[in-house]
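Q: I'd like to learn how to read this structure, starting with its charged pairs. Can we go through it together?

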Amino acid sequence: MRFQGKRAVVTGGLSGIGEAVARRIAAEGGRVVCWDMQGGIVTDISNWDSVQAAAAETVKQLGGIDILVNSAGIAGPTATVLDLKMDDWHRTIAINLNGTFFTNRAVVPHMMAGNYGRIVNIASIAGKEGNPNASAYSASKAAVIGFTKSLAKELAKTNITVNSVTPAAVRTPIFDQIPQSHIDFMLSKIPMGRLGKVDEVANLVCWLASEECSFSTGAVFDVSGGRATY
């Protein structure tokens, strides 16, 4: 029961990796609120006012926030840089990067008030290596990594850790946004020769979100089936 007495926010917590993490935290004693466009506390993470309102409602329900797992995101279009529409670029950055900034910023004051916090931002192997025809997604996830490292150093003297996870391709509803040819390309890059499973990512995320992770912050944790080269 690693999360007994802990209060967690999971963005995108009604599907995919977020759902697996939310279920695991709840099964281990935590109280979980999901910020999701489809339910829970309905939240548009790309909108600062929406995120602030979600944080206020969470504190009203739970009394505070100890854990943030920021899992909400989109794949964005599969297109070359020259073919990518400006609106698609801005939307991908707004959700994946601005959403990370907004959610982290909203919860940190509550964690500081409780002198405890664990933040896990879900990035991607694409943020480390770059995937062709996915420039907006790759750039947004690279920025999530940089943002995580920056915030972690700002909070290093507190009892709040901030880490990121870089999964390779994992079969989740986000695959509905990606053509099969791009999925096949990502699979071909994984030495284990298979897609990841949501529970495999959740296992790592939940350790990072627990008290057991006390001396790792600003780090990037790989879960890519051997694809990562650094």
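Q: How many salt bridges does the count come to here?

A: Keep in mind that this is a predicted model. The general idea is that side chains of opposite charge can pair when their charged atoms come close. In this case the count comes to 8 salt bridges.

Q: Let's take one. Which residue forms a salt bridge with Arg-7?

A: That would be Asp-66, and the closest N and O atoms of the pair are 2.9 Å apart. Now look at where the two ends sit: Arg-7 is in strand β1 (residues 7–11), while Asp-66 is in the loop between α2 and β4 (67–70), so the pair ties together parts that are 59 residues apart in sequence.

Q: And is Asp-66 buried or exposed?

A: Buried means under 20% relative accessible area. Asp-66 has 7%, so it counts as buried.

Q: Which parts does the pair of Glu-129 and Arg-227 tie together?

A: Glu-129 belongs to helix α4 (residues 126–129) and Arg-227 to the segment after β7 (220–223), so this pair links parts 98 residues apart in sequence. The closest N and O atoms are 3.2 Å apart. Glu-129 is partly exposed, with a relative accessible area of 32%, whereas Arg-227 is buried at 8%.

Q: OK, on to the nonpolar side. How many residues does the largest nonpolar core have?

A: To read a core, pick out the buried nonpolar residues that are joined through side-chain atoms within 4.5 Å. Here the largest one has 26 residues, and those with the most contacts inside it are Trp-35, Val-107, Met-111, Ile-119, Leu-151 and Val-162. Two or more residues each come from β2 (31–36), α2 (48–62), α3 (86–114), α5 (135–154) and β6 (160–167). α3 gives the most, with 6 residues.

Q: If I click on Leu-151, which residues is it in contact with?

A: Skip the neighbours within four places in sequence, and you'll find Asn-104, Val-108, Ile-119 and Val-162. There's also a second, separate core of 24 residues, which includes Ile-25, Val-165, Ala-202 and Cys-213.

Q: Last one, backbone angles. What is phi of Asn-115 near?

A: Phi of Asn-115 is near 55 degrees, a positive value in a residue other than glycine. Asn-115 lies in the loop between α3 and β5 (117–122), and it is exposed, with a relative accessible area of 54%. Asn-133 has a positive phi too, near 65 degrees. You'll find Asn-133 in the loop between α4 and α5, where it is partly exposed at 35%.

Terms used:
Residues numbered from 1 in each chain as written. Predicted model: local features only at pLDDT ≥ 70, side-chain atom pairs only at ≥ 80, totals over all residues. Heavy atoms only, no water. Buried < 20%, exposed > 50% of the residue type's maximum accessible area, 1.4 Å probe, protein only. Helix = DSSP H or I, 4+ residues; strand = E, 2+ residues; numbered from the N terminus. Contact = heavy atoms within 4.5 Å. Salt bridge = Lys/Arg side-chain N within 4 Å of Asp/Glu carboxyl O.
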